[in-house]
Amino acid sequence: SIEKNQFKIEPKPFDLGDLIETLVKSCAEINETYTLNLNLEGVPDLIDADEKACRHIIENLLSNAVKYSPQANQVDITGWHKDGYTYVSVKDFGVGIPENEVGKLFNQYFRASTSAGISGTGIGLNLVKNLVALHKGEITVESKLEEGTIFTFSLPDSEIRNKE
């Protein structure tokens with residue numbers, strides 16, 4: 001089960017851009033006031049990763065971006081490929097996260113003080129981090145209070161992932 005971090009990934013080639021477009025479309029339908037800007041020109045046609053895990057990662061980052069930017073109505077989703085890694089960033093223009101809390105965001109059950117009044121469990125990002133790590137990728141976060149937050153995750157090409 002996912003809770004025990006025994007989640008197994010089964011990487012196979014799939015169209016990440018297509019998956020992101022589908023998820024963004026359904027997110028936009030639920031959150032009609034939001035403009036979700038997609039720029040996926042740099043994403044390879046196929047990446048070798050676990051599609052279910054990627055779906056979970058992207059859904060979580062998208063729903064957080066919308067949830068924590070109640071005053072803003074825009075989320076930017078950008079994808080690119082560089083030095084053997086595919087990157088996806090999700091940028092919101094919301095409440096942001098205090099600098100001293102950014103490092104704890106991926107801890108299980110941690111919720112930023114700026115999330116007060118917004119429902120959530122604090123499990124999401126911890127799981128996202130684990131799923132990215134299983135791919136030997138990384139997830140980073142940059143945030144400014146009142147300006148918004150950018151989450152960026154990377155997934156290595158299979159040659160890099162299988163090197164060990």
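This is a predicted model: local features need pLDDT of at least 70, side-chain atom pairs count only at pLDDT 80 or more; totals for chains, interfaces and linings use all residues.
Figure 1. Buried residues account for 46% of the 164 residues in the chain. As for the surface, the chain exposes about 9,100 Å², and 48% of that area comes from carbon and sulfur atoms.

**Figure 2. Overall dimensions of the chain.** Taken along the principal axes, the box filled by the C-alpha atoms is roughly 45 × 35 × 25 Å. The radius of gyration is 15 Å, which agrees with the value near 15 Å for a compact globule of 164 residues.

Figure 3. Starting at the N terminus, the elements run β-α-β-β-α-β-β-α-α-β-β-α.

**Figure 4. Packing of helix 1 and helix 2.** Two packed helices are described by the angle between their axes and the distance between the axes. For helix 1 (residues 16-30) and helix 2 (residues 51-67), the angle is about 40 degrees and the axes lie 10 Å apart. Their crossing is right-handed.

**Figure 5. Residues at the contact of helix 1 with helix 2.** Helix 1 brings Leu16, Leu19, Ile20, Leu23, Val24 and Cys27 to the contact, while helix 2 contributes Glu51, Cys54, Arg55, Ile58, Glu59, Leu62 and Val66.

Note on methods
Residues are numbered from 1 along each chain as its sequence is written. Side-chain values use heavy atoms; hydrogens and water are left out. Axes are lines fitted to C-alpha atoms, for helices over the stretch in contact, and angles run from 0 to 180 degrees between N-to-C directions. Helices (H or I, at least four residues) and strands (E, at least two) are DSSP runs, numbered from the N terminus. A crossing is left-handed if the near helix is turned anticlockwise from the far one by less than a right angle, and right-handed if clockwise. Contact means heavy atoms within 4.5 Å. The radius of gyration is taken over C-alpha atoms; the globule rule is 2.2 Å times the number of residues to the power 0.38. Buried means under 20% relative accessible area, exposed over 50%, partly exposed in between (1.4 Å probe, protein chains only). Accessible areas come from the Shrake-Rupley method with a 1.4 Å probe; for residues, only the protein chains shown count as cover.
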